[in-house]
Every structure is written in structure tokens, then in C-alpha cells.
Amino acid sequence: MDIETLRNEWDELNREYTELETCNRRYMELLEQLQQHQQKCFNEIKHQRYRMNQITASVRQYKGPIGGEEKEKLDDLQKMSLKRKAQLHEIEQSLPAKSGRYLQIILGDVNVSILNRNDKVRYKDDYEKFKLILNVIGLIMAFFNLIFNYRALELSFIFLLVWYYCTLTIRESILKVNGSRIKGWWRAHHFISTVAAGVLLIWPQGEHWQLFRLQFMYFNVYISIVQYLQFGYQKGLLYRLKALGERHNMDITIEGFHSWMWRGLSFLLPFLFIGYAFQAYNAWTLFKLAYYPPDAPWHVSVMCGLFLLLFVGNTATTLWVVPEKIRERSKERYRLQSMGKSMKLRKEMKNSASDLDLSGSSQVATTTPTSLTPTQATTTPTATPTPTPTPAAASAAAAMPTATEKKEN
Ligand code: COA
């Protein structure tokens, strides 16, 4: 190659760099606008909540005559308030949220918000798969520990438990930041399980451990099977949740979601309660071991207390879940409606964006590169082509509530 050709190639690269600069500038402008819009949304949400609280308080204090018509209007107001709460919650799902203290300590001050409902569902799916894989490994290891009594095998299994529960606490904290309604107890349960596995890891191999060992391994085999059933239940719910963002008649899907949930729950609950009874039995065995044989290490009493705590917490929370689900049926329906709408909208927007991308790139391909100098290019960022909206873009825009619709809602 001669020098002149190299020079020409460099000039061409320069032109491409100019395009890159323009693109980056546009991107930074959009980032700036994004932050402004996020702030505006935060303010508006705050305002909506403030006004809603005022209206709800006035409804509660209403002392006028309550005839049939007034009662209907009050009921309507209550329904609309529930619906609005679900809508606001859904809007919050597209905005960044602060990490809790635990995540800040572990990960540092990093943003773990996922700003797209579909990606949130995907992350949850990944969390469930992670639990499934680790449970299968746990089941195999517990099974081998039942057959062989090797300390190294035993310790690697218990170490796996420490790591597994510790990882769960982190993943669940990320889910929580991203709007999961996971109950505090289940998170606490995994913290307690991490501590319990840590205590087991340092429990010296003596007579007491040998007396409890087999029962503990059987317990783990059972729990792994129950967790497999739990995986089936959660996976089914997630599958139906994804369908909410795809179907046209959302009511049918919400009905399907609920009927599947109740069937799944009634199948799962007996297995869960047997598991809790097993936890109580573990606590009872350890209680007896704390007294006989004599000189029990402190690990026995601590493990007894932890199993008892898990038994009480799990039983109380699971018993609480069913009536709560019945009580909050309409709230749940609005939540699913808002979630389904938001997922659909995001999908349509994504499709329209890729359509715009395609039409944009075909336009770029048909036009020869302009001979702008770097300075010209950076001062004229609006010179980028603005393609006409595609049908998908139009439908996405149509799915957005108009100002009047917003007022009516
Ligand atoms: N671990 C992690 N997340 C859980 C959870 C658990 N044990 N139980 C519920 N969640 C999550 C749900 O996935 C849901 O998440 P989302 O808001 O991101 O969609 C949220 O918490 C709210 O769930 P909820 O509607 O209250 O319950 P559910 O219908 O999803 O599940 C049970 C109900 C009873 C089946 C479930 O809580 C469960 O499996 N509990 C038993 C756990 C247990 O005892 N483990 C030890 C085995 S002995």
C-alpha cells in the first residue's frame, strides 16, 4: 500500500469517527433528558400519592347521608384509589430505586435497578433457575451423605449450603429493590439458614453430631424435593405473568393466573406443612440431645433454637399467605392489569424502536456520508435523520394514555 491510500483510509476513518461523536453526543443528551424525566415522574408520583391520601381521608370522614347512590360513588372512589395505587406502583417499576443497606454494604453504592418489567420477570426467572440447579446438586450431595459417612463430603455439602443461602439473600435483596413483594420473613429465613449452615460447618464431629447427622440428611433430601415442587409453582406463575404481556384479552389471562395459583397452592401446601413438621421434629431431637448424651457442644442448643424459629416463622407466614390472598383479590387484579399493560407497552415500544432502527439504517445506507468537519458535526446534533413513525410506533404511541384519558382515570 502506498502512503496516499493509507492517508485516504485514515480520512474515511475520520469521517466514521465524526458519526460516532455525533451519536455519542445525542446519547448524552438523551441521558440528560432521561434524568430530567425521571425526576419529573418522581415528583408527579409524590403529588398523586399526596392528593390520593387527602381524598381517602375525606372519604373516611364523610358524615353526610349515605343513600344507594352515594354508597355506589364511595365504592367507586375506593376502587379507583386501589387501581391508581397499582398504576403508580407499576410506573415506579420503570424508575431507578435505591439499594437497601444490606446491598450497599455488600456491593457498594451501585445501582441494581432493572428499568424494564420484562427484564425484571427474566431476572426472577433466572433466580428460580438458580435455586433449581443448586437444589438438584444439594439433593445429590445429601443423598451421597446418606450412603457414605465421609467428613470431607459432609463439609462440602454444608459449605454449599452456606454459599447457597448467602447468595439467595443477595439475589432476593436485588429482587426487592426491583419491586418484588417477597415477604420479609422469607428473606429473614434465608439469613437464618445461612447462620444455621455456618453453625453446622463448625459443629465438631462427635457423638452428638453423629446422632443427628442422618436425620439432618433425610431432612435435606425432603426439603430439596419440596423446593423442586415450589419451583414448579413459581415457574407456572412466571409463565402466566409473561403471558399477561402478550394476550389481547387480559381478563382471561388474569383468571387463568388466579385459578392456576390456587390449584398450585392447594397442591403445595401439604408438602410445605410436612416440611415444617420436620423442622419442629429436628428442634425436638436437638432439644433432647442437648441433655443426653452429656457434654453437648453449644452448637446443639443453637441449632435447636434456629430450627424452632424456622418452624414458627414458616408456619405463621404460610398460614398468613392464604387469607391475605383472599382479602387482597381485587388489589391483585389491578396489579396484574397494570403489569400486563406495562409489559405489552414495552414490547410494542421495543418492536417499534427496532423498526425505526431498521428504517434508519436503510436510510443511512442509501445516503452517501456527508463531508462534515468534526466541529460542524458536534455543533449540529439535530442533523440526524428523523424517520417517519412506523405502524408499530404508531400503535405504541396509541397505547400511551392521552391527557384526557389520564384525567378520566
Ligand atoms: N422465597 C422467595 N420468594 C418468595 C417466597 C419464598 N419462599 N415466597 C414468595 N416469594 C415471592 C413470590 O415469588 C412473589 O414475588 P414477586 O412479587 O416478585 O412476584 C412475592 O414473594 C409475593 O409472593 P406471594 O404472593 O406472597 O406468594 P406466592 O403465591 O408466590 O407463594 C407460597 C406462596 C406459600 C407457595 C410461597 O411463599 C412458599 O413457597 N413458601 C414456602 C417457603 C418455605 O417454607 N420454604 C422452606 C421449605 S420447608
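**Figure 1. Overall view of the predicted model.** The model is predicted, with local features requiring pLDDT of at least 70 and side-chain atom pairs counted only at pLDDT 80 or more, whereas totals for chains, interfaces and linings use all residues. Residues are numbered from 1 along each chain as its sequence is written, and side-chain values use heavy atoms, with hydrogens and water left out. The protein contains 13 helices and zero strands; helices (H or I, at least four residues) and strands (E, at least two) are DSSP runs numbered from the N terminus. The accessible surface amounts to about 25300 Å², and carbon and sulfur atoms contribute 63% of it; these areas come from the Shrake-Rupley method with a 1.4 Å probe, and for residues only the protein chains shown count as cover. Among contacts in the protein with a separation of 6 or more, 82% are between residues 24 or more positions apart, a contact being heavy atoms within 4.5 Å.

Figure 2. The unreviewed UniProt entry places a "coiled-coil region" at residues 3–40. In the model this span is 100% helix and 0% strand, and its end C-alpha atoms lie 55 Å apart. UniProt positions are given in the numbering used here, feature names are shortened, and annotations may be inferred rather than shown by experiment. Residues 186–204 are 89% helix and 0% strand, with end C-alpha atoms 29 Å apart. Residues 260–278 are 100% helix and 0% strand, and their end C-alpha atoms are 28 Å apart.

**Figure 3. The largest nonpolar core and the surroundings of W203.** A nonpolar core is a set of buried Ala, Val, Leu, Ile, Met, Phe, Trp, Tyr and Cys residues joined through side-chain atoms within 4.5 Å. The largest such core has 58 residues, of which W203, F212, F216, L241, L286, M303 and F307 touch the most other members. At least two core residues come from each of α4 (117–147), α5 (151–177), α6 (184–202), α7 (207–244), α8 (250–291), α9 (298–327) and α10 (329–366). Helix α7 gives the most, with 14 residues. Apart from its neighbours within four places in sequence, W203 is in contact with R151, H208, W209, F212, L286, P297, H299, V300 and M303.

Figure 4. A salt bridge is a side-chain nitrogen of Lys or Arg within 4 Å of a carboxyl oxygen of Asp or Glu, and the whole structure holds 19 of them. The side chains of D119 and R122 form one at 2.9 Å, N to O. These two residues are three apart in helix α4, so about one helical turn separates D119 from R122. D119 is partly exposed at 29% relative accessibility, as is R122 at 49%. A further salt bridge joins K242 to D125, with the closest N and O atoms 3.2 Å apart. This pair links distant parts of the chain, with K242 in helix α7 and D125 in helix α4, 117 residues apart. K242 is partly exposed, with a relative accessible area of 33%, whereas D125 is buried, with a relative accessible area of 7%.

Figure 5. R335 and E332 form a salt bridge whose closest N and O atoms are 3.1 Å apart. About one helical turn separates R335 and E332 because they are three residues apart in helix α10. Both partners are buried, R335 at 14% relative accessibility and E332 with a relative accessible area of 15%. Elsewhere, salt bridges that share partners join D125, K129, K235 and K242 into one network. S352 also has its place in helix α10 and is buried, with a relative accessible area of 7%. The side chain of S352 reaches the backbone oxygen of M349 at 2.8 Å. A polar contact is a pair of N or O atoms within 3.5 Å; within protein, one must be able to donate a hydrogen and the other to accept it, and residues adjacent in sequence count only if both atoms are side-chain atoms.

Figure 6. D295 lies in the loop between α8 and α9 and has phi near 60°, a positive value in a residue other than glycine. At 74% relative accessibility, D295 is exposed.

How values were computed: Buried < 20%, exposed > 50% of the residue type's maximum accessible area, 1.4 Å probe, protein only.
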